[in-house]
Amino acid sequence: MLVAHGLTKEYQSGTQTLVVLRDVTFKIADGAFVSIVGPSGSGKTTLLGLLAGLDTPSRGTVTLDGVDLGSLDEDRRAKLRGEKVGFVFQSFQLIPTLTALENVQVPLELSGAVPMREATARARDLLARVGLGDRTHHFPQQLSGGEQQRVALARAFVNEPRVLFADEPTGNLDGTTGEVIVELLMQLNRERGCTIVLVTHDAALAARTQRTIRLRDGIVVEDVFHPAFDAAVASL
Ligand SMILES: Nc1ncnc2c1ncn2[C@@H]1O[C@H](COP(=O)(O)OP(=O)(O)O)[C@@H](O)[C@H]1O
Ligand SMILES: [Mg+2]
């Protein structure tokens, strides 16, 4: 369970206080597939960063599997992220000097959870699943934006996170590739019970998720469930 309670994020600029998120409260059940939507500047990326423990709120709490992230120091939060959280950044943030395969392996090497050979096998498997089985030795600059996005997705999944956060994961993809990514997210959500929270501009994509939380000016203005999701999952 992921719980946001009274989340508020403010930035101080001179004498002005900019309120980016205001009193955001919701619960996300284990295994849920949630989309966060809203206009540009409404606080979506900020909210995702707070939920993932990458950033700290001005007020309020985020609780992941019963642990209040605010009670942890930065080292412990980083450890928890490594164990439980996957994150796909809007800008990919791949390491330019590493191949696709090496980029995907990095989180496993850092956690030391599995032997090197298994880390490589898992990374290969995930790259194949995102349709990049023949691009494992390419460097990021040799890949298109959509391909880099898929490497970033494979990297986020390699540690088998409990929760995956993805900031506009289909934003740089053409319709067909976007569709592949959505199918993949739905499969991983169902097969591994991984909770997925994704930010999207794409209304059609949001409608395919289980639940949509809509932000406007840092406030939750809508929170709806889509019954079609469970029917779609049942037919996968
Ligand atoms: N580090 C920061 N300092 C000051 N303002 C920020 C900072 N980060 C984000 N903001 C402001 O917070 C608001 C929400 O940003 P963001 O969460 O990126 O929105 P979205 O992802 O919905 O487009 C924007 O007005 C942005 O300018
Ligand atoms: Mg954003």
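This is a predicted model: local features need pLDDT of at least 70, side-chain atom pairs count only at pLDDT 80 or more; totals for chains, interfaces and linings use all residues.

Q: What makes H1 a mostly covered helix?
A: Buried means under 20% relative accessible area. Seven of the eight residues of H1 are buried, namely Lys44, Thr46, Leu47, Leu48, Gly49, Leu50 and Leu51.

Q: Which residues surround ligand 1?
A: A residue belongs to this shell if one of its heavy atoms lies within 4 Å of the ligand. The residues around ligand 1 are Tyr11, Leu18, Val20, Pro39, Ser40, Gly41, Ser42, Gly43, Lys44, Thr45 and Thr46. By class, four are nonpolar, six polar and one charged.

Q: How much of the area of ligand 1 does the protein bury?
A: Ligand 1 exposes 570 Å² when taken alone, and the protein buries 58% of that.

Q: Which elements give two or more residues to the shell around ligand 1?
A: They are strand E2 (16–28) and helix H1 (44–51). Helix H1 gives the most, with three residues.

Q: Why is the size of the protein chain said to agree with a compact globule?
A: For 236 residues, the globule rule gives a radius of gyration near 18 Å, and the chain has 18 Å, so the two agree. The C-alpha atoms fill a box of roughly 50 × 40 × 35 Å along the principal axes. Buried residues make up 49% of the chain. The secondary structure comes to eight helices and 10 strands. Among contacts between residues at least 6 apart in sequence, 67% join residues at least 24 apart.

Q: Why is Val34 called buried?
A: The limit is under 20% relative accessible area; Val34 has 0% and is therefore buried. Val34 lies in strand E3 (residues 33–37). Leaving aside residues up to four places away in sequence, Val34 touches Ile28, Ile196, Val197, Leu198, Thr209, Arg211 and Ile213. Val34 and Tyr11 are 23 residues apart in sequence and 27 Å apart in space, C-alpha to C-alpha.

Q: Why does Thr200 count as buried?
A: Buried requires under 20% relative accessible area, and Thr200 has 3% relative accessibility, so Thr200 is buried. Thr200 is placed in the loop between strand E8 (195–199) and helix H7 (203–208). Beyond residues up to four places away in sequence, Thr200 touches Ser35, Ile36, Val37, Leu205 and Ala206. The side chain of Thr200 also reaches the backbone nitrogen of Asp202 at 2.9 Å.

Q: What makes the phi of Gln93 worth noting?
A: Most residues other than glycine have a negative phi. Gln93 has a positive phi of about 55 degrees although it is not a glycine. Glu168 is another residue other than glycine with a positive phi, near 50 degrees.

Q: Where is Glu168, and why does Glu168 count as buried?
A: Glu168 is in the loop between strand E7 (163–167) and helix H6 (175–192). With the limit at under 20%, the 11% relative accessibility of Glu168 means that Glu168 counts as buried.

Q: Which residues of H3 are buried, and what covers them?
A: In helix H3 (residues 100–111), the buried residues are Ala100, Leu101, Asn103, Val104, Gln105, Val106, Pro107 and Leu108. Their cover includes helix H4 (116–129) and helix H5 (145–157). Just after H3, Gly112 takes a positive phi of about 65 degrees.

Definitions and conventions
Residues are numbered from 1 along each chain as its sequence is written. Chains are lettered from A and ligands numbered from 1 in the order in which they are written. Side-chain values use heavy atoms; hydrogens and water are left out. Accessible areas come from the Shrake-Rupley method with a 1.4 Å probe; for residues, only the protein chains shown count as cover. Helices (H or I, at least four residues) and strands (E, at least two) are DSSP runs, numbered from the N terminus. Ala, Val, Leu, Ile, Met, Phe, Trp, Tyr, Cys and Pro count as nonpolar, Asp, Glu, Lys and Arg as charged, and the others, Gly among them, as polar. Buried means under 20% relative accessible area, exposed over 50%, partly exposed in between (1.4 Å probe, protein chains only). Contact means heavy atoms within 4.5 Å. The radius of gyration is taken over C-alpha atoms; the globule rule is 2.2 Å times the number of residues to the power 0.38. A polar contact is a pair of N or O atoms within 3.5 Å; within protein, one must be able to donate a hydrogen and the other to accept it, and residues adjacent in sequence count only if both atoms are side-chain atoms.
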